[in-house]
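Hi everyone, thanks for making the time this morning. Let me put the sequence and the model up so that we can walk through them together.

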Amino acid sequence: MAEFTLHCFAESGNAYKAALMLALCGADWQAKKIAFFEGETRGDDYRDLNVMGEAPILVHHRDDGDFRLSQSGAILTYLARHFGRFGHQNETEEYEILRWILFDNHKLTGYTATERFMQFFMKKAADDPVVEFAYGRARAAWKVLEKHLTGRDWVAADHPTIADISLCGYLFWPDQIGADRSDYPAIETWLGRLRALQGWAPPEELMPAGK
Ligand SMILES: N[C@@H](CCC(=O)N[C@@H](CS)C(=O)NCC(=O)O)C(=O)O
């Protein structure tokens, strides 16, 4: 058995954050498909694994038993500590990373994942008021990131960290999230830097589809 099991599906940018971290760290891991589009995360068996009913879940098969964790930010923090990679090197970086992971979960991924789900998967009209609200909030978050990345290579430090890995979760799908790459040149260059890291792969190469 592999050292880690990641319950995940390829369409999930939140799962991708964990899968990408495992890939970049060269971890011994296996993907376990969540049949998300068949409602698996709403079932009792899944809720027994994660009361929040969310993907992803990481299981670390340790000598002292299985250690199970959900929330991509917690998973990234755990893996950074375990591998000694993509973490902080001083206190300032520690809180910068936390600050950006919180911003990502609340604002950037929070609204991007919502508007993508409604427009791309549920085919809701662009003038649906909920879509308009989420899309507007997502674009505002992309602009924050664009401004922050202008003139710097990485989000939270002068080296790549789990903050970068968290924030990029949905951004390799510009067409699905409705982002025009030319509006976000600093983000585009930063995504290129991430793609150049050893071990980088797109979501669909790391995880099975959630059908
Ligand atoms: N903050 C969580 C968000 C996880 C999340 O919302 N995952 C989605 C799939 S991408 C999900 O399982 N949604 C089901 C639901 O919200 O009920 C994280 O970063 O892990």
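I'll go through the domains, then the sheet, then the ligand site.

First, some housekeeping. What you see is a predicted model: local features need pLDDT of at least 70, side-chain atom pairs count only at pLDDT 80 or more, and totals for chains, interfaces and linings use all residues. Residue numbers start from 1 along each chain, following the sequence as written.

So, the domains. The protein splits into domain 1, which is 4-86 + 200-206, and domain 2, which is 91-195; these bounds come from an automatic or database domain assignment. Their C-alpha centres lie 20 Å apart. The contact between them takes 14 residues from domain 1 and 14 residues from domain 2, where contact is defined as C-beta atoms, placed from the backbone, lying within 7 Å.

Which helices supply at least two residues each of the side of domain 1 that touches domain 2? They are helix H1 (13-24) and H3. H1 gives the largest share, six residues. A word on names: helices (H or I, at least four residues) and strands (E, at least two) are DSSP runs, numbered from the N terminus. By class, that side of domain 1 has eight nonpolar, five polar and one charged residues. Here Ala, Val, Leu, Ile, Met, Phe, Trp, Tyr, Cys and Pro count as nonpolar, Asp, Glu, Lys and Arg as charged, and the others, Gly among them, as polar.

Now the sheet. Four strands form an open, mixed sheet in the order E2-E1-E3-E4, and two strands pair if DSSP finds at least two bridges between them. At the edges are strand E2 (29-33) and E4, each pairing on one side only. Strand E1 (residues 4-8) runs parallel to E2 over five bridges, with Cys8 opposite Lys33 in E2. Strand E3 (residues 57-62) and strand E4 (residues 65-70) are antiparallel over six bridges. A hairpin of two residues joins E3 to E4, and Arg62 has Gly65 in E4 as its bridge partner.

Finally, the ligand. Which residues surround the ligand? They are Ser12, Asn14, Thr41, Gly53, Glu54, Ala55, Gln71, Ser72, Gly73, Asn105 and Ala113, counting a residue if its C-beta atom, placed from the backbone, lies within 6 Å. Helix H3 (72-83) and helix H4 (91-121) are the elements giving two or more residues to this shell. By class, the shell has two nonpolar, eight polar and one charged.

Key
Contact = placed C-beta atoms within 7 Å.
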